[in-house]
Amino acid sequence: MLTFLDFEKPIAELDSRVAELKDTARGGDLDIDHEIERLEAKSQRMLKETYSRLTPWQKTQVARHPERPHFRDYVAGLTDEFLPLAGDRAFADDQAILGGLARIDGRKVMLIGHEKGSDTTSRLKHNFGMAKPEGYRKAIRLMDLADRFGLPVVSLIDTPGAFPGVQAEERGQAEAIARSTERGLALGVPSVAVVVGEGGSGGAVAIAAASRVLMLEHAVYSVISPEGCASILWRTADKAADAAEAMRITAADLLSLKVIDRIVPEPLGGAHRAPAEAIANLKAAILEELDELAGKSPDQLRQARREKFLAIA
């Protein structure tokens, strides 16, 4: 069953009523099809109205929805073929960042992204998408390979932030993030980054320093989580909604600020309601961006990327 968010409770109640009526219709001779159709239409209207006026905090909740597509879902829906590449060749293989060689509609690319996991076991395995230094060093290794063989780089960002634990700091977390960001900016091949869920702080920027930066309609991208910001400013996470409003973390805000280049529309009610449609929309957008970048020389790509990020106020 679909997990409903707090602000979706009226829609959940209506959908529950529809489900009850359908059970009643199957188990008896009552003709209530017209009533079911009326309530389903009402539910769709409520859904459209609700999602047309989401607050930044509500969008944050949608971006974190447990059933939202994750990296493995995008691999299955975007690619014709995917060959995973593991390890940083120095310490370990961080499962919070996955990547490998892929074909998207026959086009060869290097695909990199955060994986949060979809259940308790996989979330623990992937550390909830919070990478350690070896994850960013793996990303650097994959970007090096892409540059060497002339492959475009596509990165999918979905992380609350880099892992803040002591062992990550001991192994050079800040340095690894900085090196990964530097490598992305220096690529001589086209690169497209997409914030598909949460884009949290340096943990996101490390693989989002690309020629084109896109966001899904209900994704969020920020220097710190709303809860973290609220804890700093007001000494309580209860002010997270106010922080989200002030931080301008939504796709529409960031497009107006020229932090991102494009918004990819999501199905009505968010990507979690129709994952296949959301992935198809993203696939089309990525291919369009790669087509626009094709044919540019390495120097042109580097210069354009430099100008793009320096222009961000």
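By class, the lining of the largest pocket comes out as 11 nonpolar, two polar and one charged residues (Ala, Val, Leu, Ile, Met, Phe, Trp, Tyr, Cys and Pro count as nonpolar, Asp, Glu, Lys and Arg as charged, and the others, Gly among them, as polar). A pocket here is an open set of points on a 1 Å grid over the protein atoms alone, where a 1.4 Å probe fits, with protein on both sides within 12 Å along at least five of seven lines; lining residues have an atom within 4 Å of a point. Of the 14 lining residues, Val205, Tyr221, Ser222, Val223 and Val259 sit nearest the pocket's centre. This is a predicted model, with local features needing pLDDT of at least 70 and side-chain atom pairs pLDDT 80 or more, while totals for chains, interfaces and linings use all residues. Residues are numbered from 1 along each chain, and side-chain values use heavy atoms, with hydrogens and water left out.

Tyr221 turns up again in the largest nonpolar core, where Leu156, Tyr221 and Leu282 touch the most other members out of 57 residues. Such a core is a set of buried (under 20% relative accessible area, 1.4 Å probe, protein chains only) Ala, Val, Leu, Ile, Met, Phe, Trp, Tyr and Cys residues joined through side-chain atoms within 4.5 Å. Leaving aside neighbours within four places in sequence, Tyr221 is in contact (heavy atoms within 4.5 Å) with residues including Val195, Val205, Ile249 and Val259. Apart from this core lies another, of seven residues, Leu5, Tyr51, Leu54 and Val62 among them.

Conventions:
Buried < 20%, exposed > 50% of the residue type's maximum accessible area, 1.4 Å probe, protein only.
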